[in-house]
Amino acid sequence: MNSKASPIEKIQREVVVIGGGPAGLAAAIAAREAGCKEVLLVERDRILGGILNQCIHDGFGLHAFKEALSGPEYADRYIRRLPGAGVEVMDNTIVLSLSSDRVLEVSARGALRHVEAGAVILAMGCRERTRGAISIPGHRPAGVYTAGAAQNLINLENIMVGRRACILGSGDIGLIMARRLTLEGARVEAVFEILPYSSGLPRNIQQCLNDYNIPLFLNTTVTDIIGKGRLEAIRVAQVDGDRVPIPETERLVPCDTLLLSVGLIPENELTVQAGVAMDPVTGGALVDDTFMTGVPGIFACGNVLHVHDLADWVSVEAEEAGRFAAAYVQERREEPRRRTPVRAGEGVRYVLPQTISGERDFILSLRVTAPWRDRTVVIRDGGGREIRRKKMMRLHPAEMIRIPVKKGAGADGSPLEVSVE
Ligand SMILES: Cc1cc2nc3c(=O)[nH]c(=O)nc-3n(C[C@H](O)[C@H](O)[C@H](O)COP(=O)(O)OP(=O)(O)OC[C@H]3O[C@@H](n4cnc5c(N)ncnc54)[C@H](O)[C@@H]3O)c2cc1C
């Protein structure tokens, strides 16, 4: 045993950002531009950009840059700004733990360090749900991948995953991979979705399925996986109103590849470790209108906070979080803020932020529970008084709705409720 183990190096930084995807990049630049001198960005991968590095399709940046960029091009717009902005980057470095008093334990190439932060911005993104999470019975053959894992193999490692594929789940990653596999010469038999509607963006249904004649079967799920060495077939069945498979509708679909696109889980192990209160619906932290969690000085943004539909909104939200984290460090405002609750009412799955101060304008983000046409999103205060309404021709659970709200709302402390009428 080495009795002369070197002591763990300790460093201090004003703001530490965990994660170098679009959220972390935008937050770090914004915190630096807001006047923080020491902004450290920590990324466990060897390159920055997060999940965007494997998204070689276009469609990024339509809002932020009014251009259709690929994922790597979009990330590059921010990565290029880091040196000029003076952001310090530690790549190949993983944050192993985070305490409520903002001490991070990081491991860089085998060496441990403790970083004491004035403020921490959580930007760790999310991971995919796997077969285990949805408990599909059957064999365990090769050929069953999450859609993101297949995307990584094809786009970054140049490894083709199969020739005859089925996709379970119509989330955006599954839709994008249906097109990708087709372009790479595979035959995509179908996409199966257990819900009565697609969980992907309408534009992806058109551009990734309809344009390539790939059928989408709603109210349908995989009931069996068949194949000992390699996948040989799957059994699918329609489901009833309680999402229970109807045996008479079961049929066999031969295929050598099954991609799962069945949801994303925010990567919140560090968040929970730091004692941050969580929202059971989003799977992310509860935050106020400055993106600060319930633990003072710890902020959250991007997919670790709630799963976004577009990277552009991730960047916008993260810039705000970066500015507020910088203000927290500069003002050292420790007194408790007013926290008026904002609640999801009829037809609304979740709202964010979950508390507001009434002191500033903010953007209310929300998702609805089902697809509708010609409805109105209404925000009311505790006395039933209308604060804001937005008429919408089309609402869809796959699309995040963003509504600007003026300061003063919730200033009297009475909870706001958001509903679809
Ligand atoms: C397949 C796919 C296709 C998509 N297509 C589109 C599209 O066409 N248009 C669009 O606008 N959006 C699209 N999106 C959505 C968009 O990519 C995401 O919303 C966005 O990447 C989320 O950014 P993020 O920074 O929150 O997370 P991520 O991009 O996931 O970045 C998180 C980063 O944190 C790092 N990290 C995590 N834990 C630690 C730790 N402990 N220590 C250090 N680093 C850590 C990770 O390595 C990662 O780099 C797509 C997403 C996917 C998955």
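Colleague: At what angle do helix 1 and helix 9 pack, and how far apart are their axes?

Modeller: Axes are lines fitted to C-alpha atoms, for helices over the stretch in contact, and angles run from 0 to 180 degrees between N-to-C directions. Helix 1 and helix 9 pack at about 35°, with axes 7 Å apart. The crossing of helix 1 and helix 9 is right-handed, where right-handed means that the near helix is turned clockwise from the far one by less than a right angle, and left-handed that it is turned anticlockwise. Helices (H or I, at least four residues) and strands (E, at least two) are DSSP runs numbered from the N terminus.

Colleague: What kind of model is this, and how are residues numbered?

Modeller: This is a predicted model: local features need pLDDT of at least 70, side-chain atom pairs count only at pLDDT 80 or more, and totals for chains, interfaces and linings use all residues. Residues are numbered from 1 along each chain as its sequence is written.

Colleague: Which class counts describe the contact of helix 1 with helix 9?

Modeller: Two residues are in contact if their C-beta atoms, placed from the backbone, lie within 7 Å. For classes, Ala, Val, Leu, Ile, Met, Phe, Trp, Tyr, Cys and Pro count as nonpolar, Asp, Glu, Lys and Arg as charged, and the others, Gly among them, as polar. The contact of helix 1 with helix 9 has 14 nonpolar, two polar and two charged residues.

Colleague: How do the axes of helix 1 and helix 2 cross?

Modeller: Angles under 35 degrees count as roughly parallel, over 145 as roughly antiparallel, 65 to 115 as roughly perpendicular and the rest as oblique. The axes of helix 1 (residues 22–33) and helix 2 (residues 71–79) come within 9 Å and cross at roughly 20°, which makes helix 1 roughly parallel to helix 2. Their crossing is left-handed. P22, L25, A26 and I29 of helix 1 meet A75, Y78 and I79 of helix 2; by class, this contact has seven nonpolar, no polar and no charged residues.

Colleague: At what angle do helix 6 and helix 7 pack?

Modeller: Helix 6 and helix 7 (residues 202–209) pack at about 20°, with axes 8 Å apart, so helix 6 is roughly parallel to helix 7. The crossing of helix 6 and helix 7 is left-handed. D172, L175, I176, A178 and R179 in helix 6 meet N204, I205, C208 and L209 in helix 7. That contact has six nonpolar, one polar and two charged residues.

Colleague: Why does the ligand lie between domain 1 and domain 2?

Modeller: Domain bounds come from an automatic or database domain assignment. Domain 1 (10–128 + 264–337) and domain 2 (130–262) both give residues to the shell around the ligand, so the ligand lies between them. A residue is near a molecule if its C-beta atom, placed from the backbone, lies within 6 Å of it. Of the 38 residues around the ligand, G19, G21, G50, G125 and G302 come nearest. Elements that give two or more residues to this shell include helix 1, helix 5 (147–157) and helix 9 (311–331). The shell divides into 19 nonpolar, 13 polar and six charged residues.

Colleague: Which residues does the cis peptide bond join?

Modeller: The cis bond joins L352 and P353, with omega about 5°. P353 sits in the loop between strand 21 (348–352) and strand 22 (355–356).
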